[in-house]
Amino acid sequence: MADSELTLLAGDVVERAKRAGAAGVFATVSRRKNVELQRRDGATERLVESTSRSVSVQLYVDGRFSSQSTTDLRPDRLDGFLADAVALTRALQADPARQLTDPALYPKALPALDVLDPALVAGLTFEQQSAWVETMEAEARKSDRVISVTSNVSFDHGRSACATSNGFVGEGASTSIWPSVEVTLRDEGDKRAADGFGFGARYAADLPDPAEIGRKALAMTVARLGSKKAPTQRTTMVVDPQAAASLISRLLAPANAQAFQQGRSFLLGKQGAAIASKKLSIMDDPLLPRGFGTRPFDGEGIASVARPIVEGGVLRNIYVDTYYGRKAGLPVTSGSPSNRVVALGDKDRDRWIKDVKKGILVTSWMGGNADNNSGDFSFGIRGHIIEKGKIGAPIGEMNVTGNLVALFGTLVGVGNDPWRASSIVAPTLVFDGVQFAGA
Amino acid sequence: MPSRRSFLSASAAGLGVLTMPAWLAGCAHKGAPAVEVSTTPIAPPPLNPFYTWFGVDDGVLSALLGELGKNGATLADVYFQHARNNAITLEDGIVSSASASIDQGVGLRTVIGDQQGFAFTEELTMEAMLGAARTAASIAKGSAVAPPLSFSLHEANSPLYTLAVPWGQIGVDQKLPILSQVEGYAKAMDPAITKVSVNWTDNEERVLVATLDGRVHLDVRPMTRLWVTVTATKGGQTLSNSANLAGRRGIGWYDEPTLRQLAKDAVDRTMVLFDARRPPAGEMPVVLAAGASGILLHEAIGHGLEADFNRTKTSIYTDMVGKPIAADFVTIVDSGVEPQERGAIAFDDEGNPTERTVLVEKGVLKGYLHDQISANAYKVKPSGSGRRQSFRFQPLPRMRCTFMEDGPHSKEEIIASVKNGIVAETFTNGVVQIGAGDFTFYIKNGWLIENGKVTSPIKDVNIIGNGPEALKKVTMAANDSKLDSGGWTCGKDGQGVPVSQGLPTVLVSSMTVGGVNG
């Protein structure tokens with residue numbers, strides 16, 4: 001592996017921190033270039049280009065711990081920063097569970113990842129970005145109800161390097177690109193229907209055609225016109241792939257050692273037990289090609305290993321970092337999710353809808369929250385009525401309320417149509433007997 | 001993916017801030033030259049401590065603005081920021097983690113009409129800053145605007161939030177006892193309590209804004225927050241909840257009565273959950289308790305009156321200025337001048353003075369919250385509402401401290417007027433769709449009203465309504481308006497800014513409550 005500039009700097013920070021008095025050091029140096037072009041109603045609205053960089057360190061001093069970061073990398077300021085950081089750490093209380101990552105968990109060799117697009121490293125030219133936003137906008141304007149169309153394309157290239165005082169050095173880089181269109185249409189009275197469509201990919205070549213994104217953005221907004229509240233009811237809920245990730249994220253939010261150790265998890269004591277119907281299986285896969293959660297190692301330097309989180313509805317693994325693993329007496333896995341990939345079913349959203357006599361299709365969530373202790377949730381929704389196997393009138397201003405474990409117990413269908421522009425790769429989900437509040 | 005979706009959050013954004021590494025202020029003088037804010041008349045520019053810190057002088061600012069204006073500009077600005085953030089966590093009885101960060105850089109912006117070019121750099125070298133200015137200037141295609149050669153200096157030194165002892169002079173040894181004190185109070189309040197965790201943050205931002213029309217504004221903006229989470233086990237069930245305090249305040253704020261009350265709030269909000277249930281689902285009257293219920297205003301009308309959404313005609317309120325939109329006892333204000341509140345700001349992030357902006361007066365919609373771009377478009381004075389999360393972002397029209405003034409009713413008559421409904425008391429987050437006007441907010445704690453009386457506790461329900469319709473349904477407002485001291489963060493277009501809110505006890509005659517039937 002080439003000793004790049006970032007890796008050298010990370011190593012230098014470790015040495016400087018040790019000289020300042022730290023016994024253990026985990027240093028990360030990051031750099032990220034971001035370029036964005038936004039067009040609104042026929043003219044460039046915003047053009048942004050910047051490169052950001054920062055240094056962060058985790059320090060272990062006399063059995064004490066702190067984490068620090070700075071964007072002021074002038075060498076004199078950096079030394080002062082580290083001296084102060086060590087002094088701060090000494091002022092805290094000792095905690096035997098605060099330890100650097102076990103070196104046995106570091107990767108023996110860094111895996112080859114498929115997340116860096118040479119075309120995005122080189123960067124799109126202004127003309128290429130302009131072509132994207134102009135084409136997307138032109139398609140999205142094809143309605144006489146258009147009030148405003150905003151089209152945006154942004155891409156980034158990030159690289160970060162880690163070095164530790166117990167022998168780990170690693171570096172990773174990735175790119176991503178995000179085209180999106182937002183459309184506002186005249187609706188009834190003073191109301192506007194607003195929606196849009198966006199997509200993201202690690203490689204520019206994986207994006208759909210810009211005209212297609214513009215068309216979808218307009219179609220999704222047109223579908224919102226005349227949205228009304230439906231009656232309060234218990235019925236079947238079909239969750240669109242674009243909205244499914246959010247539910248998976250809520251279910252797994254307390255699947256970690258901190259929540260377990262602090263007693264704030266409805267999954268506590270459920271490892272090896274059912275937390276969902278047999279239809280649900282989720283893998284955490286840090287090596288997923290072109291995934292948004294793909295990484296060579298985690299934030300503690302722990303090697304990337306794929307693990308089942310949920311298998312046939314049974315909770316298999318939770319996220320365990322070094323600190324809370326030691327505190328809770330749990331074996332360390334990784335403290336943070338990578339790509340969470342939901343196992344697929346055998347038909348897509350519209351074929352699932354065909355089997356629904358009466359129900360509600362949720363296309364997006366609107367606010368709401370969930371309690372990590374009880375699993376109780378209540379979310380606002382937007383979507384459509386389903387009648388006799390067909391998508392009907394648009395609905396909004398409604399809530400869906402229940403308990404996450406109970407809800408996932410009623411998961412009766414899983415699609416084969418995953419939404420990939422997310423680190424949670426989830427398809428259509430179908431639930432029975434869900435409480436909706438409306439008119 | 002960019003999103004114009006706008007939201008308000010206590011817990012989510014709060015935790016985001018808490019996990020952010022931060023700088024320990026008390027040690028700053030040893031490693032880095034502390035910036036002293038002068039209370040005496042402004043020194044000549046070369047001696048100005050802000051200039052010294054950022055390594056600039058009038059010549060540098062002029063050169064940067066010259067580069068920003070080289071292809072023409074309606075306005076241009078340079079925004080230097082140095083932020084020190086400290087966070088400390090007490091968990092399981094010990095403080096075994098603290099984090100500190102320094103976030104420093106400069107954002108450079110060229111505006112031509114309503115088009116913006118923007119770039120930032122953390123590297124404060126002339127080469128890096130001029131490179132960023134060139135990027136920003138590429139938005140324009142016209143002829144150069146000459147930059148100012150000298151600047152008028154405006155130092156905020158605002159009585160709104162200037163601290164007697166700045167956070168930079170407070171050592172960690174002075175902070176740790178406060179965390180232990182709150183923990184002790186909370187633990188002693190109920191034998192069912194199994195865990196108490198306390199999260200502390202203090203922040204200090206130094207801001208220098210230089211504008212193409214020759215002004216330099218300087219400000220020091222403090223912030224602190226204390227967050228207590230209580231976990232209790234009773235009858236085989238474990239539940240937790242939290243309470244927090246936040247403001248542009250110093251360490252003296254955390255006196256014994258304040259800390260006791262914070263601990264009590266966290267304990268009460270947790271213990272009541274053991275008896276709480278879900279209300280019925282559907283439309284019903286909602287009584288909003290005084291204080292944090294200002295979340296209603298933030299979502300139902302505040303975002304919709306940010307001028308960018310009206311300039312582009314994407315807000316449901318676009319054509320409503322001058323029209324009655326609520327009962328005549330409804331007056332709604334967005335103010336930057338509420339002392340020591342999270343939303344207080346002496347001048348905005350474009351260097352415009354802040355003010356108390358009346359949005360709705362006696363039921364009539366008066367106007368919008370403006371940044372400089374929208375003020376130019378509407379040919380009005382900016383309201384000092386152009387705010388940004390940091391030097392990494394361009395300013396947008398934003399709320400500051402949004403509240404409703406007192407109404408003519410009393411809390412008691414409001415409750416008595418409701419046959420069956422709920423009281424909403426504490427909240428975690430809310431969101432609004434600017435175009436359709438639909439908004440939601442999430443109730444963590446509340447109460448059922450049955451036959452005009454507050455009966456049993458409720459929990460965990462989302463409320464959903466439509467902005468203009470909900471305002472029309474504000475049928476009663478009490479004479480007990482107060483501001484909430486919680487740490488609210490407002491999100492818009494990917495940027496979070498600190499805000500405050502307030503409300504008297506208010507009755508909304510009908511909203512959709514996400515409860516459970518049967």
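Reader: Which residue of β3(B) stands opposite A:Ser66?

Author: In this predicted model, strand β3 of chain A, residues 64-70, runs parallel to strand β3 of chain B, residues 94-112, and five bridges join the two. Within that pairing, the residue of β3(B) opposite A:Ser66 is B:Ala98.

Reader: Which strand of chain A gives the largest share of the side that touches chain B?

Author: The contact takes 74 residues from chain A and 79 residues from chain B. On the side of chain A, the largest share is 11 residues, and these come from residues 43-61, which form strand β2 of chain A.

Reader: How far apart do the C-alpha centres of domain 1 and domain 2 of chain A lie?

Author: The domain assignment of chain A places domain 1 at residues 5-222 and domain 2 at residues 227-439. The distance between their C-alpha centres is 25 Å.

Reader: Which elements give two or more residues to the side of domain 1 of chain A that touches domain 2 of chain A?

Author: The contact draws 24 residues from domain 1 of chain A and 19 residues from domain 2 of chain A. By class, the domain 1 side has 14 nonpolar, six polar and four charged residues. The elements that give two or more residues to that side are β4 (146-164) and β5 (169-186) of chain A.

Reader: Which residue of β14(A) is the bridge partner of A:Asp376?

Author: Strands β13 (residues 376-387) and β14 (residues 390-403) of chain A run antiparallel and are joined by 10 bridges. They form a hairpin with two residues between them, and A:Lys388 in the turn has a positive phi of about 50°. In β14(A), the partner of A:Asp376 is A:Asn403.

Reader: Is A:Val425 buried or exposed?

Author: A:Val425 lies in strand β16 of chain A, residues 424-425. Leaving aside neighbours within four places in sequence, A:Val425 is in contact with A:Asn339, A:Val341, A:Val342, A:Pro418 and A:Arg420. Because 25 other C-beta atoms lie within 10 Å of A:Val425, and 20 or more are needed for the term, A:Val425 is buried.

Reader: Against which elements of chain B do the buried residues of α7(B) pack?

Author: Helix α7 of chain B, residues 256-271, reaches 22 Å from its first C-alpha to its last, close to the 22 Å expected for its 16 residues. Its buried residues include B:Leu259, B:Leu262, B:Ala263, B:Ala266 and B:Val267. The elements against which the buried residues of α7(B) pack are α6 (172-188), β6 (193-211), β7 (215-234), β8 (237-247), β16 (420-432) and β17 (438-450) of chain B.

Reader: How many residues of domain 1 of chain B are in contact with domain 2 of chain B?

Author: The assignment for chain B gives domain 1 as residues 6-275 and domain 2 as residues 282-513, with C-alpha centres 24 Å apart. Domain 2 of chain B brings 47 residues to this contact, and the number from domain 1 of chain B is 48.

Reader: What is the radius of gyration of chain B?

Author: Chain B has 12 helices and 23 strands. For 518 residues the globule rule gives 24 Å, and the chain comes close to that value, so it is as compact as a globular protein of that length. The radius of gyration of chain B is 24 Å.

Conventions. Residues are numbered from 1 along each chain as its sequence is written. Chains are lettered from A and ligands numbered from 1 in the order in which they are written. This is a predicted model: local features need pLDDT of at least 70, side-chain atom pairs count only at pLDDT 80 or more; totals for chains, interfaces and linings use all residues. Two residues are in contact if their C-beta atoms, placed from the backbone, lie within 7 Å. Helices (H or I, at least four residues) and strands (E, at least two) are DSSP runs, numbered from the N terminus. Two strands pair if DSSP finds at least two bridges between them. Domain bounds come from an automatic or database domain assignment. Ala, Val, Leu, Ile, Met, Phe, Trp, Tyr, Cys and Pro count as nonpolar, Asp, Glu, Lys and Arg as charged, and the others, Gly among them, as polar. The expected span of a helix is 1.5 Å times one less than its number of residues. A residue is buried if 20 or more other C-beta atoms lie within 10 Å of its own, exposed if 12 or fewer, and partly exposed in between; C-beta atoms are placed from the backbone. The radius of gyration is taken over C-alpha atoms; the globule rule is 2.2 Å times the number of residues to the power 0.38.
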